[in-house]
Amino acid sequence: MKNKISQFLGFSIITICIIITLFFLASIIYLIAAKGLSAISWEFLTSIPRKSMTEGGVAPAIIGTFYLVVGSILIALPLGIACAIYINEYSPTGYMVNIIRMSINNLAGVPSVVFGLFGLAVFVNFFGFGVSILSGSLTLAMLILPSIISASQESLMAVPYSIREASLALGATQWQTIRKIVLPTALPGIMTGVILSIGRAAGETAPILFTAATFYRRSYPKSPLDETMALPYHIYALMTEGTHPDKQVAIAYGCSLILLAVVLLISAFAIILRNKYRSTYVN
Amino acid sequence: MSINNEEKIKIKADNINFYYGQSHAIKNLSIDIYDKKVTAFIGPSGCGKSTFLRMLNKMNDLVPNTRAEGTLLFDGQDILEKNTDVVSIRKKVGMVFQKPNPFPKTIFQNIAYGLEVNGVKDKDFIRKRVEDSLRKAALWEEVKTRLHTSALMLSGGQQQRLCIARCLAVEPQVILFDEPCASLDPISTNKIEELILELKKFYTIVIVTHNMQQAARVSDYTAFMYLGELIEFDKTATMFTVPKQPKTEEYLSGKFG
Ligand SMILES: Nc1ncnc2c1ncn2[C@@H]1O[C@H](COP(=O)(O)OP(=O)(O)O)[C@@H](O)[C@H]1O
Ligand SMILES: [Mg+2]
């Protein structure tokens, strides 16, 4: 009897927690949709801003955010996987691993605005990439690197030792084993880390504030060294600057809705890629 | 320990010692493994059977903090020497593990893998070798229609035969089995034992087993180990009928183990 009551209580608490979470999620989406949907039109999606952002569209910001996300993933993914392989597979001395682990954990705790300043000092000024998509992507890459490393490391660790042994016993080298057995097996897990990072990279404003984003631009970026508009920064600008707050707020909600859609779209692509991979490799 | 001077020796271990850190896992072990015979290692758990087996294909090199002493001659070449090419030894000495460990890939890819890592590119050759290996491992009839489905969908016994086929595909000279039936049901065990009897026509086989009846059924020679030492080594028929050492007799009669 006592067990039944405590089970009932447990289930009830869990159910309530789920309902609260879903409620928040639903109200966020509802609020943004309700306030933003009216701003969205074909023109809004496909044209450049006009009349100091009160008319026209936000296409350069959509494109810019897309470039920044894809760029940062392309930079962070190989770096992160390489790091994880080094820590996990080559097991250097415990001392080295500890230093690397500590650095990664510290990196994960750095506030994003500090990454912005770092990007400004290093990529914009020191390397001379200027305020550009390249600098912004590099800065965002630093930001998502810790989560990509830990996702990769966990997936590598989950690959059973027995199949590495099987590979080595067939006369494969350690590198062949990593490349052909361990990495393919770990890839779906690594992709999950990537998917989570996409939202992070798309949504952060502070890291691109000094490194990539511009307030207003009448044309699309043509090279990685161009500065760009980006959705989160555009939202920030619409809400804090300009002379027509009444029109701007609606546009800002429209932008938020699009930002959600962009994250969803890129994530969906990554999820499809992962599932396709999973079914060819694992099943 | 040599007990039959007529046979060709494939592997000759001479005064082998092996240490995990400070722990002395194999003590002064000398033994001859004969060509195209089945040699079984029996003994209670923890006596060093797997450790010795894994020395034969240098898998213990992967364990940090270990040390090996003595000479281990494979066709006359000492494979304990520092400059031994690990990869070429592992190609010559295949291994089947206690738990079936297929790769999370298709049946075909599992078998082809060993060829690919050894630089074979010819698709027809690979296809033919995959079929040959599966036939030799008595698995072909069961899987020929689903070569391109996941190996993980096979039953435990089929997976173990797949692992044997995978090992055969790289054409080893010696095959090591470390308790290959420990996780299998009696019918699958039976199939693996029949397979071992078939394979010994072409390969030198070393098998570690917990199961004395299994050693009696499949092996030509049996080595009994206890606490890291080789207590007795003899023809299986002789050892199981007239063991020379009291310790062997105790073990075979089930007094400990
Ligand atoms: N990786 C290892 N590290 C440390 N000690 C080990 C390791 N593997 C085995 N040993 C020890 O070496 C001894 C022999 O083990 P093993 O060869 O696995 O025995 P068996 O296969 O006969 O059961 C045991 O005492 C075991 O605890
Ligand atoms: Mg063992």
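Colleague: How many bridges join strand 4 to strand 5 in chain B?
Modeller: Two bridges join them, and the strands run antiparallel. Strands pair here if DSSP finds at least two bridges between them. Strands (E, at least two residues) and helices (H or I, at least four) are DSSP runs, numbered from the N terminus.

Colleague: Before we go on, what sort of model is this?
Modeller: It's a predicted model: local features need pLDDT of at least 70, side-chain atom pairs count only at pLDDT 80 or more, and totals for chains, interfaces and linings use all residues. Residues are numbered from 1 along each chain as its sequence is written, chains are lettered from A and ligands numbered from 1 in the order in which they are written, and side-chain values use heavy atoms, with hydrogens and water left out.

Colleague: Switching topic: which residues are around ligand 1?
Modeller: Tyr20(B), Ala25(B), Ser45(B), Gly46(B), Cys47(B), Gly48(B), Lys49(B), Ser50(B), Thr51(B) and Val63(B). The cut-off is a heavy atom within 4 Å of the ligand. They divide into four nonpolar, five polar and one charged. In this scheme Ala, Val, Leu, Ile, Met, Phe, Trp, Tyr, Cys and Pro are nonpolar, Asp, Glu, Lys and Arg are charged, and the others, Gly among them, are polar.

Colleague: Which helix gives the most to that shell?
Modeller: Helix 1 of chain B, residues 49-56, with three residues.

Colleague: Where do the polar atoms meet the ligand, say at Tyr20(B)?
Modeller: A polar side-chain atom of Tyr20(B) sits 3.3 Å from a nitrogen atom of ligand 1. On the backbone side, a polar atom of Gly48(B) is 3.1 Å from a ligand oxygen, and one of Lys49(B) is 2.9 Å from a ligand oxygen. Taken alone, ligand 1 exposes 560 Å², and the protein buries 58% of that. Those areas come from the Shrake-Rupley method with a 1.4 Å probe; for residues, only the protein chains shown count as cover.

Colleague: What about the six-strand sheet, what's its order?
Modeller: It's an open sheet in chain B, ordered 6-7-8-3-9-10, with mixed pairing. Strand 6 and strand 10 (229-235) are its edges, each pairing on one side only. Neighbouring strands are turned by 20° against each other on average, direction ignored. The axes are lines fitted to C-alpha atoms, for helices over the stretch in contact, and angles run from 0 to 180 degrees between N-to-C directions.

Colleague: Why is strand 3 described as largely enclosed?
Modeller: Because five of its five residues are buried. Buried means under 20% relative accessible area, exposed over 50%, and partly exposed in between (1.4 Å probe, protein chains only). Val38(B), Ala40(B) and Ile42(B) point one way, while Thr39(B) and Phe41(B) point the other. In a regular strand the side chains alternate between the two faces of the sheet.

Colleague: Which residues stand opposite Thr39(B)?
Modeller: Val206(B) in strand 8, and Tyr221(B) in strand 9. Strand 3 (residues 38-42) runs parallel to strand 9 (residues 221-226), with four bridges. Four bridges also join strand 3 to strand 8 (residues 204-208), again parallel.

Colleague: Last one: which side chain does Arg127(B) contact?
Modeller: Asp124(B), through a polar contact of 3.1 Å. A polar contact is a pair of N or O atoms within 3.5 Å; within protein, one must be able to donate a hydrogen and the other to accept it, and residues adjacent in sequence count only if both atoms are side-chain atoms. Arg127(B) lies in helix 4 (residues 123-136) and counts as partly exposed at 47% relative accessibility.
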